[in-house]
Amino acid sequence: MASESRLYTFSPETTTNLRKFRLGTSRAKDPQAVIYQIDKHTLEIAQADNVIYNDMQELADELPTHSPRYVLLSYPLTLPSGRLSVPYVMIYYLPVTCNAELRMLYAGAKELMRNTAEVGRVIEMADAEDLEEIEEKLGGEQ
C-alpha cells in the first residue's frame, strides 16, 4: 500500500467526507451510496458529485458505461434470523468497455480506496444493472 499512497491522493475534505459517510450510514434505514472517481491528471480520488443515492436504479443510471468508478454503499437488510444488518461495502465498478489505461488506473488504487474508506468488503461489478441484485449479493455472503 505504501507505493499507492504516494501515487494517489485524497484531499483532507475527501478524507473527512469518507469518514462522515461511513459513520453516518451505520444506522441508516435506507440504502445510501456515493460515487468516487480518480482524476487522471492529478491522480486525486474524490467524490464524483455531491449526491447521496438512495435508489439503486438511479445509482445505476449515473454510472458511466465506459469508465470505472468506486461506489461506497451502505445497504440495510434483514437477515434470515430477523436481525437487521447494515453492510458497508465498496463496489468496484469496472465496465468491460473501458480502456486499458483506466483499468490500470483504478486497479492500482483499489486497495488504497478500500483501506481509506474502511469498507468491510469489495464487490466487483462489470454492469450497472447488476445493482438490482445487490441485496442477494450482500445477503448471500454475510
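Tutor: The expected span of a helix is 1.5 Å times one less than its number of residues. Helices (H or I, at least four residues) and strands (E, at least two) are DSSP runs, numbered from the N terminus. This is a predicted model, where local features need pLDDT of at least 70, side-chain atom pairs count only at pLDDT 80 or more, and totals for chains, interfaces and linings use all residues. Residues are numbered from 1 along each chain as its sequence is written, and side-chain values use heavy atoms, leaving out hydrogens and water.

Student: How do you know what span to expect for helix H2?

Tutor: Helix H2 covers residues 12-24, 13 residues in total. Its first and last C-alpha lie 18 Å apart, close to the 18 Å expected at 1.5 Å a residue.

Student: Which residues of H2 are buried, and what makes them line one face?

Tutor: Buried means under 20% relative accessible area, exposed over 50%, partly exposed in between (1.4 Å probe, protein chains only). Thr14, Leu18, Phe21 and Arg22 are the buried ones in H2. Down the axis of H2 they fall within an arc of 95° (directions from the helix axis to the C-beta atoms), so they line one face of the helix. On the other side, Pro12, Glu13, Lys20 and Gly24 are exposed.

Student: Why does Gln32 count as buried?

Tutor: Gln32 has 17% relative accessibility, and the cut-off is under 20%, so Gln32 counts as buried. Gln32 sits in strand S1 and touches, among others, Phe21, Ile52 and Leu72 (contact means heavy atoms within 4.5 Å).

Definitions and conventions: Lists of a residue's contacts leave out its neighbours within four places in sequence.
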